[in-house]
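Have the model open as you read.

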Amino acid sequence: MDPRILRTRGALQRALLDLVRDRDLDDITVADIVEGAGVTRSSFYLHYTDKEGLLADALDAFAEAEGAELPALLELFGEPPQALEAYLRHFDQHAELYRRVLGDHGSAVAVARLSRRIEQLAYDALEATGTDAFPGVPIDVAASGLAGTVVGVLRAWVARDPRPPVEECAQWLWKVLIGPGGAWETMSGTRV
């Protein structure tokens with residue numbers, strides 16, 4: 001991709017993230033974003049159709065730049081994987097940003113993109129194992145349910161004040177994913 005395009009998109013993404021740390025998305029205008037980015041309004045619309053799409057891209061780029069990646073669900077055996085704690089640490093370090101994004105006045109587009117990413121990981125894991133972890137439930141439905149669970153726990157955790165430590169959230173998320181007492185069989189056929 002052309003370096004100028006990358007610079008402009010990066011400037012727009014950083015400007016919006018800076019603004020969202022202090023204000024609800026509803027209260028931020030395109031004029032605020034372009035002023036913070038040092039670009040023209042036409043540059044904004046050359047790259048994005050709306051601020052929600054920009055925010056979703058900005059969050060993806062921000063998490064990637066910090067090395068915060070969701071763990072593959074095939075890794076979800078035994079204790080919560082360290083990759084999960086690393087991912088949650090990113091949310092913890094930027095809790096005010098994620099509180100606004102995931103909250104009532106946040107971004108439906110950004111939440112939907114996060115949900116789709118988690119849903120794809122769950123789908124891939126369920127399909128790859130060839131097991132029937134959720135008897136009678138189509139894989140896409142189970143994957144969607146798991147994604148909703150993860151996003152719901154993230155939303156509830158970043159909204160808490162005071163916010164419990166990352167390790168505690170990882171345990172909560174783990175327990176909610178595997179069910180009461182590890183009631184469902186893991187994707188590899190052994191008990192979680």
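Which residues in α8 are buried? They are Ala-142, Ala-143, Leu-146, Ala-147, Val-150, Val-151, Val-153, Leu-154, Trp-157 and Val-158, where buried means under 20% relative accessible area with a 1.4 Å probe, protein chains only. Before going on: this is a predicted model, so local features need pLDDT of at least 70 and side-chain atom pairs count only at pLDDT 80 or more, while totals for chains, interfaces and linings use all residues. Residues are numbered from 1 along each chain as its sequence is written, and side-chain values use heavy atoms, leaving out hydrogens and water.

Helices here are DSSP runs of H or I, at least four residues, numbered from the N terminus. With its 21 residues, α8 reaches 30 Å from first C-alpha to last, close to the 30 Å expected at 1.5 Å a residue (the expected span is 1.5 Å times one less than the number of residues). Covering its buried residues are, among others, α5, α6, α7 and α9 (166–178).

Now to α6 (residues 95–102), whose buried residues are Ala-95, Leu-97, Tyr-98, Val-101 and Leu-102. They sit on the same side of α6 because they cover an arc of only 155° around the axis, taken from the directions from the helix axis to the C-beta atoms. They pack against α1, α4 (51–65), α5 (82–93), α7 (108–129) and α8 (139–159).

Finally, look at Gln-13 in helix α1 (residues 3–20). Gln-13 is buried, at 14% relative accessible area. Its side chain makes a polar contact of 3.0 Å with that of Tyr-48 (a pair of N or O atoms within 3.5 Å, one able to donate a hydrogen and the other to accept it; residues adjacent in sequence count only if both atoms are side-chain atoms). Beyond neighbours within four places in sequence, Gln-13 is in contact with Tyr-48, Leu-54, Asp-57, Ala-58 and Ala-61, contact meaning heavy atoms within 4.5 Å.

How values were computed. Helix = DSSP H or I, 4+ residues; strand = E, 2+ residues; numbered from the N terminus. Buried < 20%, exposed > 50% of the residue type's maximum accessible area, 1.4 Å probe, protein only.
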